[in-house]
Amino acid sequence: MRIHLSILFALSSLGVHAENVDPELNFDRPHGERGDPEFLLNVGWESRYVSEGRDNLDGAGLITGTFEFGWEYLSLGVWYADSPSNSYNELQINAALTKSWGDFEAYVGYTHLRFPETNDGHDHEVGGGFSWSGLPYELVIAFDFYNSIDNSGTFYELSLGGEYEFCERWTFSPAIVFGMNQGYIGDGHDGANHIATSLGISYALTDSISIGAHAAYNFALDRQVARAGDALLKDFFHTGVGVSWEF
């Protein structure tokens with residue numbers, strides 16, 4: 001299970017992740033190639049645990065923390081989340097390789113997930129994606145997928161969004177995402193799953209520290225109430241706030 005904390009193009013504007021590109025990816029979309037090592041630390045709060053169009057904790061919020069390292073093509077990250085009101089926590093360890101060609105960027109990655117509250121349950125995921133930033137109005141279109149090795153299913157997302165500076169130190173980031181399930185939610189329906197829209201805003205306190213917030217709405221598609229995996233697939237509104245430090 002993946003958490004999706006912001007929408008897929010606003011690396012520092014959607015609040016929790018200083019450089020998040022997917023409304024439903026807990027780790028930021030891997031950065032492009034970097035000559036010098038870079039580190040990212042962020043802490044945030046989300047009003048709901050949102051992934052695959054589902055309100056996974058049925059209204060309970062999350063406190064999250066992320067530490068990431070990037071150098072040249074490589075990104076490594078650790079993400080931890082805890083829901084005090086739901087006795088839920090989760091740890092994810094991520095590695096990815098990214099390559100850019102002009103306006104195109106592609107990545108492949110691996111994520112190890114652990115769920116300490118459920119008798120040390122775990123999962124393994126592999127995924128990847130690509131994006132193109134050559135659209136008008138500085139828009140970026142992206143395709144992402146992730147496959148659960150343990151559940152033998154895949155989830156796909158097609159996203160469109162942008163990041164815009166509207167005055168000194170202020171940035172806003174609108175985005176829309178379409179998701180499809182193919183066995184990733186094993187007891188949910190396959191096919192068109194949800195559409196999510198989001199608007200994020202961030203303010204750079206310094207060159208390395210920023211604060212932000214986002215608001216998003218999830219629209220469920222083709223929900224099948226007879227399926228247990230669709231029970232939490234709904235229409236709902238959610239928000240988040242966070243602070244990030246890049247060094």
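The following questions and answers concern a predicted model of one chain.

User: On what basis are the values computed, and what average pLDDT does the chain have?
Analyst: This is a predicted model, in which local features need pLDDT of at least 70 and side-chain atom pairs count only at pLDDT 80 or more, while totals for chains, interfaces and linings use all residues. Residues are numbered from 1 along each chain as its sequence is written, and side-chain values use heavy atoms, with hydrogens and water left out. The pLDDT is the predictor's confidence in each residue, from 0 to 100. At least 70 is reached by 85% of the residues, and the chain average is 87.

User: Is Asn-193 buried or exposed?
Analyst: Asn-193 lies in strand β13, residues 191–204. Its contacts outside four places in sequence include Phe-155, Met-180, Phe-219 and Leu-233. Buried means under 20% relative accessible area, exposed over 50%, and partly exposed in between, with a 1.4 Å probe and protein chains only. With a relative accessible area of 0%, Asn-193 is buried.

User: Which residue's backbone oxygen does the side chain of Asn-193 reach?
Analyst: A polar contact is a pair of N or O atoms within 3.5 Å; within protein, one must be able to donate a hydrogen and the other to accept it, and residues adjacent in sequence count only if both atoms are side-chain atoms. The side chain of Asn-193 reaches, at 2.8 Å, the backbone oxygen of Glu-52.

User: Which residue forms a salt bridge with Asp-230?
Analyst: A salt bridge is a side-chain nitrogen of Lys or Arg within 4 Å of a carboxyl oxygen of Asp or Glu. Asp-230 is buried at a relative accessible area of 0%, and its side chain has an N to O distance of 2.8 Å to the partner, Arg-54.

User: What is the relative accessibility of Asp-58, which forms a salt bridge with Lys-234?
Analyst: The closest N and O atoms of Asp-58 and Lys-234 are 2.9 Å apart. The pair links distant parts of the chain, 176 residues apart. Lys-234 counts as partly exposed at 27% relative accessibility, whereas Asp-58 counts as exposed, at 52%.

Key: Helices (H or I, at least four residues) and strands (E, at least two) are DSSP runs, numbered from the N terminus. Contact means heavy atoms within 4.5 Å.
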